Amino acid sequence: MQGRFFDGSKQEKIFWATLIAAALFVALALASAVTKIPGGDEAWFASPSLNLIERGEMGTSVLEGVPGIERRTYWVMPLSLLTQAVWYKAVGFGLLQMRATSALWGLVALLSLFCVVRELSGERRIAALAVALLSLDYVFITSASFGRMDMMCAALGFAGLAIFLRYRERNLLFAVGASQTLVVLSGLTHFNGILYFAGLVFLTLYFDRTRIGWRHIAVAAVPYIVGAGAWGVYILQEPSLFVEQFRGNATTGGRLSGLAAPWRGLQAELTNRYFVSFGFGPHSAGHSGPIRLKILILVAYVVALAGVLATREIRAHRGLRALLLLTGIFFLIMALLDGQKLHYYLTHIVPLYTAILAVWIHRCWTRRLVVPRWLVAVCVAGFVALQVGGVLYRIKLDTYRNSYLPATAFLRQHTDARTLIMGSAILGVEMGFVDNLRDDVRLGYYTGRRPDVVVAEETYQKVFDDYRTLEPDYYRHIAEVLAGCRVVYDRAAFKIYDCRASQP
């Protein structure tokens, strides 16, 4: 079978293997999407999109405690919110619709990674292996089944890198303009778009610094001017509110603390992001089950990186050397600019780790002097089984049906439109983002509102516990409010308090 995509049996096998891996990715992502309890971030970011459709105003009406947020959502980048609004207008809103866009962007990210690895390595087999491994990766599938903007940001960013590498030799002007446009879109989706901006600048200088002229710089500047102008129109509607919200989010939780203490940032990157996310910490991303086995995934990445760095032939390969340097750039930026060490930001760098792993596996398979092929096959099978096993375990738990739906059903039965409910915004995914639902973990400390019903799921309960030592004033107020309530529901991760008896 010959043609554009098939120039021989090896290419045909690569194509079908990649296609099967992508299909498995979609199946696992969607299965995870419909069985996982909603997250607070998902609900926060769905609210402004729905309000834009229904009210013509992109405010986050469900969240309290952020100045003016009921009118304008300025604390996050706008493109994902606008994209979601268009999507919800077309297909309606629900748990699957909220998360399906992440799975679709995941396919874009997979295709982009294939192009990046193929161009840098010169080997379709390495690119296909990288895509296959990433398609079955726990972190990647988890991100693709979560209604945040991380996957969209990563897909647009990697697409920008892919376009540049694919077309730089044929038409550098087009490659620069198209790739910079995609990177701007990535940045307008999430601040982590800065990773792809830095990566694209590096690749441009690494491969084409002698070819870049003023024309290329001018073309590269256009999408930044247009993007800044479009965002500026929204910002100028209430600029003081933008400054307050955006600055508050940028400084929350020590986000930029790594810049003040770089060595501390690097240490925290390892201990608070990698060790915790891969099961080797006291708060391993809140996951249950045999989580300690996840450390083997991190071990595989470290072994592959060490093997690649120790191999002169690979280090001498211009494209693979660029892959290593690109990974290092991503690692350093994440270490220094994300003081919170959020585990879902791994979506941006895991594809590069997977690409390095694919390079090392290919090396071990084709050069039998390193390890025997049977051992390579066993290790790869174990690596994939561990990743997929974690996803299947989470699907089996089905926290959406076993924990979330019973709690929201109870609320529907025992509340009405006049009942002021204080609880996580995740309740709005099933109950609707109604005006009587307020996500206020301080239970009216600043607003003076007294809840009729309090819903304390895992996130709220953890914050309550943290306030006991970190914010005693908040904790005393919360304890006072809950002292006048009675527990009417206590099942799985949800505890519901009825406070109406204490109301005057």
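Me: Starting with F246: what is its relative accessible area?
Reply: F246 has a relative accessible area of 25%, so it counts as partly exposed; with a 1.4 Å probe and protein chains only, buried means under 20% relative accessible area, exposed means over 50%, and partly exposed is what lies in between. This is a predicted model, in which local features need pLDDT of at least 70 and side-chain atom pairs count only at pLDDT 80 or more, while totals for chains, interfaces and linings use all residues. Residues are numbered from 1 along each chain as its sequence is written, and side-chain values use heavy atoms, with hydrogens and water left out.

Me: OK, and how many aromatic pairs does the structure hold?
Reply: There are 34 aromatic pairs, where rings of Phe, Tyr and Trp (its six-membered ring) pair if their centres lie within 6.5 Å, and planes under 30 degrees apart count as stacked, over 60 as edge-to-face and the rest as tilted. In the pair of W231 and F246, the ring centres are 5.8 Å apart and the planes stand at 65°, so this pair is edge-to-face.

Me: Where in the chain do those two sit?
Reply: W231 belongs to helix α10 (residues 214-235) and F246 to helix α11 (residues 239-251), so that the pair links distant parts of the chain, 15 residues apart. Helices (H or I, at least four residues) and strands (E, at least two) are DSSP runs, numbered from the N terminus.

Me: Is W231 buried or exposed?
Reply: W231 counts as buried, because its relative accessibility is 17%.

Me: Which residues form the aromatic cluster?
Reply: Y274, F278, Y301, F331, Y353 and F383 form one aromatic cluster.

Me: And which ring does the charged end of R166 sit over?
Reply: The charged end of R166 sits over the ring of Y167, at 5.9 Å from the ring centre; the criterion is NZ of Lys or CZ of Arg within 6 Å of the ring centre and within 35 degrees of the ring normal.

Me: Switching to strands: which residues of β3 are buried, and on which side?
Reply: Strand β3 (residues 453-456) is covered on both faces, with V453 and V455 buried on one side and V454 and A456 buried on the other.

Me: Which strands are joined to β3, then?
Reply: Strand β1 (residues 421-423) runs parallel to β3 and is joined to it by 3 bridges, whereas strand β5 (residues 494-498) runs antiparallel to β3, with 4 bridges between them; two strands pair if DSSP finds at least two bridges between them. V454 has M422 as a bridge partner, and V454 also stands opposite Y497 in β5.

Me: What about salt bridges, how many are there?
Reply: The structure holds 25 salt bridges, each being a side-chain nitrogen of Lys or Arg within 4 Å of a carboxyl oxygen of Asp or Glu. R55 and D435 form one of them, with the closest N and O atoms 3.0 Å apart, and this pair links distant parts of the chain, since R55 lies in helix α2 (residues 40-55) and D435 in the loop between α20 (427-431) and β2 (437-438), 380 residues apart.

Me: What is the accessibility of R55 and D435?
Reply: R55 counts as partly exposed because its relative accessibility is 48%, whereas D435, with a relative accessible area of 52%, is exposed.

Me: What separates D466 and K462 along helix α21?
Reply: D466 and K462 are 4 residues apart in helix α21 (residues 458-470), which means about one helical turn separates them, and their side chains meet in a salt bridge (3.0 Å, N to O). D466 is partly exposed, with a relative accessible area of 30%, and K462 counts as partly exposed at 48% relative accessibility.

Me: Last topic: which residues form the nonpolar surface patch?
Reply: The patch is formed by F191, I194, F197, V201, L205 and Y224, with about 480 Å² of accessible area together. Patches are made of residues with over 30% relative accessible area and no salt bridge, like charges being joined within 9 Å and nonpolar side chains (Val, Leu, Ile, Met, Phe, Trp, Tyr) within 5 Å; accessible areas come from the Shrake-Rupley method with a 1.4 Å probe, and for residues only the protein chains shown count as cover.

Me: Which element gives the largest share of it?
Reply: Helix α9 (residues 193-208) gives the largest share, 4 residues. F197 has its place in helix α9 and counts as partly exposed, at 37% relative accessibility.
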